[in-house]
Amino acid sequence: MKINVRLFKLEDAEQIASLFHETVREINVRDYSTSQVQAWAPDNIHFRNWVEVCSSRFTYVADDEGVIAGFGELESNGRIDCFYCHKNYQRCGVGSQIYRAIEAKAVELSVIRLFTEASITAKPFFQRMGFAVVKEQTVNRRGETFINYVMEKCIKTGIA
């Protein structure tokens with residue numbers, strides 16, 4: 001599988017919105033209730049302005065010949081926000097490729113700490129990438145309560 005990891009383009013927004021929605025509804029439902037995933041990924045997939053948000057961050061997209069296999073968003077302060085792999089691309093290295101691009105950009109930006117709020121589903125992936133759990137927390141989204149994990153990883157920059 002030849003996946004090209006690149007920065008977000010405006011024309012990616014529709015596929016990203018659908019990927020997010022389908023992944024939460026079909027993969028994260030293993031760890032969260034139906035009502036929780038419906039609040040997390042509402043029926044209106046444009047509950048978030050995907051073009052605006054993805055354009056305002058370093059959003060890396062895994063492109064499999066025009067099919068978006070996954071994406072991850074890095075903010076300049078080291079926060080990884082959305083990080084999702086398409087349901088058909090789970091456990092085949094796509095997430096690792098996206099993560100490597102994010103970490104390389106963080107090093108370039110002289111960010112020394114990456115952090116995220118990982119779902120129950122994503123926690124093992126981030127642990128494999130070297131993140132540690134800082135704390136378990138409860139968050140509210142559209143009237144539903146969720147457990148997720150504040151996780152972080154200190155990274156080395158080129159600075160001595």
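**Figure 1. Leu114 and its bridge partner across two strands.** In β7, Lys153 is the bridge partner of Leu114. The model shown here and in the other views is predicted. β5 and β7 run antiparallel as a pair, joined over seven bridges. Strands of a sheet pair through backbone hydrogen bonds, either parallel or antiparallel. Leu114 also belongs to the largest nonpolar core, where it is among the residues that touch the most other members.

**Figure 2. The seven-stranded open sheet.** The strand order is β1-β2-β3-β4-β5-β7-β6, and the pairing is mixed. β1 (4–7) and β6 (132–141) are the edge strands. Each of these two pairs on one side only. On average, neighbouring strands are turned by 25° against each other, direction ignored.

**Figure 3. Two helices packed on the sheet.** Helix α1 packs on the sheet and touches β2, β3 and β4. The direction of α1 makes about 90° with that of β3. Helix α4 packs on the sheet as well, in touch with β1, β2, β3, β4, β5 and β7. For α4, the angle to the direction of β3 is about 35°.

**Figure 4. The largest nonpolar core.** This core holds 26 residues. Ile80, Phe83, Val94, Tyr99, Leu114, Phe126 and Phe131 touch the most other members. At least two residues each come from β2 (58–64), β3 (67–74), β4 (79–85), α4 (94–108), β5 (113–119), α5 (123–128) and β7 (144–154). Helix α4 gives the most, with six residues.

**Figure 5. Contacts of Val94.** Val94 is one of the core residues that touch the most other members. Leaving out residues up to four places away in sequence, Val94 touches Ile3, Ala62, Ala69, Gly70, Cys85 and Tyr89.

**Figure 6. Gln97 on helix α4.** Gln97 is found in helix α4. Gln97 is partly exposed, with a relative accessible area of 24%. Apart from neighbours within four places in sequence, Gln97 is in contact with Ile3 and Val5. The C-alpha atoms of Gln97 and Ala62 are 7.8 Å apart, although 35 residues separate the two along the chain.

**Figure 7. The tilted pair of Phe20 and Phe47.** The count of aromatic pairs comes to 14. In one of them, the ring centres of Phe20 and Phe47 lie 5.7 Å apart. Their planes meet at 40°, so the pair is tilted. The pair links distant parts of the chain, 27 residues apart. Phe20 sits in helix α1 (residues 13–26). Phe47 sits in the loop between α2 (34–40) and α3 (50–55). Phe20 is buried, at a relative accessible area of 4%. Phe47 is partly exposed, at 32%.

**Figure 8. The edge-to-face pair of Trp50 and Phe71.** The rings of Trp50 and Phe71 form an edge-to-face aromatic pair. The distance is 6.2 Å centre to centre, with 85° between the planes. Trp50 lies in helix α3 and Phe71 in strand β3, so the pair ties together parts that are 21 residues apart in sequence. Both Trp50 and Phe71 are buried. Ring pairs link Phe20, Phe47, Trp50, Phe71 and Tyr84 into a cluster.

**Figure 9. A lysine over a tyrosine ring.** Lys123 lies over the face of Tyr149. The distance from the ring centre is 4.4 Å.

**Figure 10. Two arginines with positive phi.** Arg91 is not a glycine, yet has a positive phi of about 60°. Arg91 is placed in the loop between β4 and α4. Arg91 is exposed, because a relative accessible area of 73% passes the cut-off of over 50%. Arg142, likewise not a glycine, has a positive phi of about 45°. Arg142 is placed in the loop between β6 and β7. Arg142 counts as partly exposed, at 46% relative accessibility.

Notes. Residues are numbered from 1 along each chain as its sequence is written. This is a predicted model: local features need pLDDT of at least 70, side-chain atom pairs count only at pLDDT 80 or more; totals for chains, interfaces and linings use all residues. Side-chain values use heavy atoms; hydrogens and water are left out. A nonpolar core is a set of buried Ala, Val, Leu, Ile, Met, Phe, Trp, Tyr and Cys residues joined through side-chain atoms within 4.5 Å. Buried means under 20% relative accessible area, exposed over 50%, partly exposed in between (1.4 Å probe, protein chains only). Helices (H or I, at least four residues) and strands (E, at least two) are DSSP runs, numbered from the N terminus. Contact means heavy atoms within 4.5 Å. Rings of Phe, Tyr and Trp (its six-membered ring) pair if their centres lie within 6.5 Å; planes under 30 degrees apart count as stacked, over 60 as edge-to-face and the rest as tilted. A charge sits over a ring if NZ of Lys or CZ of Arg is within 6 Å of the ring centre and within 35 degrees of the ring normal. Two strands pair if DSSP finds at least two bridges between them. Axes are lines fitted to C-alpha atoms, for helices over the stretch in contact, and angles run from 0 to 180 degrees between N-to-C directions.
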